[in-house]
Amino acid sequence: MSGAEKVVCVTGASGYIASWLVKLLLQRGYTVKATVRDPNDPKKTEHLLSLDGAKERLQLFKANLVEEGSFDSVVDGCQGVFHTASPAILAASDPQSELIDPAVKGTLNVFRSCAKAASIKRVIVTSSLASVIRSRRLLSPDVVVDETWFSDPVMCKELKLWYQLSKTLAEEAAWKFAEECGIDLVAINPGFSIGPLIQPTPTSRSLVFPDGIYNFVDVRDVAHAHIQAFETPAANGRYCLVGSVIHHSETCKILHKLYHPSFHLSEKDEDDKPLRPLHKVSQDKAKSLGISFIPLEVSFRDTIESLKEKGFLTA
């Protein structure tokens, strides 16, 4: 599939990953039907409406994740749906209503709408490495995390990892519904996305381990992978997207080098214990989509420059 004369839907279009996805889709000639909670809120829409091609090929729609049927008219006539909408709250006072219900019920609402639309050829779900890596399997240097891993919902509950639980349950619901209804589904499972912002404010989404191990990926690689997963006929299943796995101390060193010497450089974790060995995340499936990961320092540099431009960091 190519972008010419193709119509696709992007849910939650004002988000970090989704904004980049809309930008790249418009660049490729797609007509994009984008859902947001409030099309009249300029903070959620101005950055989308100012994108190249938006005037001609971007349509904004109001849709609510927990309102059944609210995506019916949006996905009708689309060849593909990119379901990126999901809460990214890391500290929820009511995890069930703030995270889990919108993620799971929202996914099912979107999929029910997709099942009614005969035009849809494939659905791409923005999942997360959070639904892959939180298993009871031991992470060590000789272990390679890949697409066969699934996070354990019971473990997530025990550890009160509500965001991770919401992403795990939402992806499980997507696969179950897709199998029952014959929907061609591909899931994208990115780590902690960094890179320049298109939207006016940063989001709080992250994937950081208690001992300070980061699974980084550039947001532009994530958006590109979504499009490749839609356009590549052989694409299937899940795709882990992690460009680099590093300790917090290495992150500080990069920030020290690129931005400011005041960043504290620690060689130990919070309990004054030696740093845990790093695990690996397989890149094989991602590379099969043609993804060549942007170097980590480039991602950090571009993130810093973007935050400076938007006034969140001083020069």
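## Helices H10 and H12

Helix H10 (residues 248–258) packs against helix H12 (residues 296–309) at an angle of about 55°, and their axes are 10 Å apart. Axes here are lines fitted to C-alpha atoms, for helices over the stretch in contact, with angles from 0 to 180 degrees between N-to-C directions. H10 and H12 are therefore oblique to each other; angles under 35 degrees count as roughly parallel, over 145 as roughly antiparallel, 65 to 115 as roughly perpendicular and the rest as oblique. The crossing of these two helices is right-handed, the term for a near helix turned clockwise from the far one by less than a right angle, with anticlockwise being left-handed.

On the H10 side, Thr251, Ile254, Leu255, Lys257 and Leu258 meet Leu296, Glu297, Phe300, Arg301 and Ile304 of H12. Contact means heavy atoms within 4.5 Å.

## The model

This is a predicted model, in which local features need pLDDT of at least 70 and side-chain atom pairs count only at pLDDT 80 or more, while totals for chains, interfaces and linings use all residues. Residues are numbered from 1 along each chain as its sequence is written, and side-chain values use heavy atoms, with hydrogens and water left out.

The protein chain has twelve helices and twelve strands; these are DSSP runs numbered from the N terminus, helices being H or I of at least four residues and strands E of at least two.

## Helices H1 and H9

H1 and H9 pack at an angle of about 60°, with 9 Å between their axes. That makes H1 oblique to H9. The crossing is right-handed. Residues of H1 in the contact include Trp20 and Leu24, and those of H9 include Val222 and His226.

## Aromatic rings

Seven aromatic pairs are found in the whole structure. Rings of Phe, Tyr and Trp (its six-membered ring) pair if their centres lie within 6.5 Å; planes under 30 degrees apart are stacked, over 60 edge-to-face and the rest tilted. The ring centres of tyrosine 30 and phenylalanine 230 are 6.2 Å apart and their planes at 55°, so this pair is tilted. Tyrosine 30 lies in the loop between H1 and strand S2, whereas phenylalanine 230 is in H9, 200 residues apart. Both residues are buried.

Ring pairs also link Phe192, Tyr214, Phe216 and Phe300 into a cluster.

Conventions:
Buried < 20%, exposed > 50% of the residue type's maximum accessible area, 1.4 Å probe, protein only.
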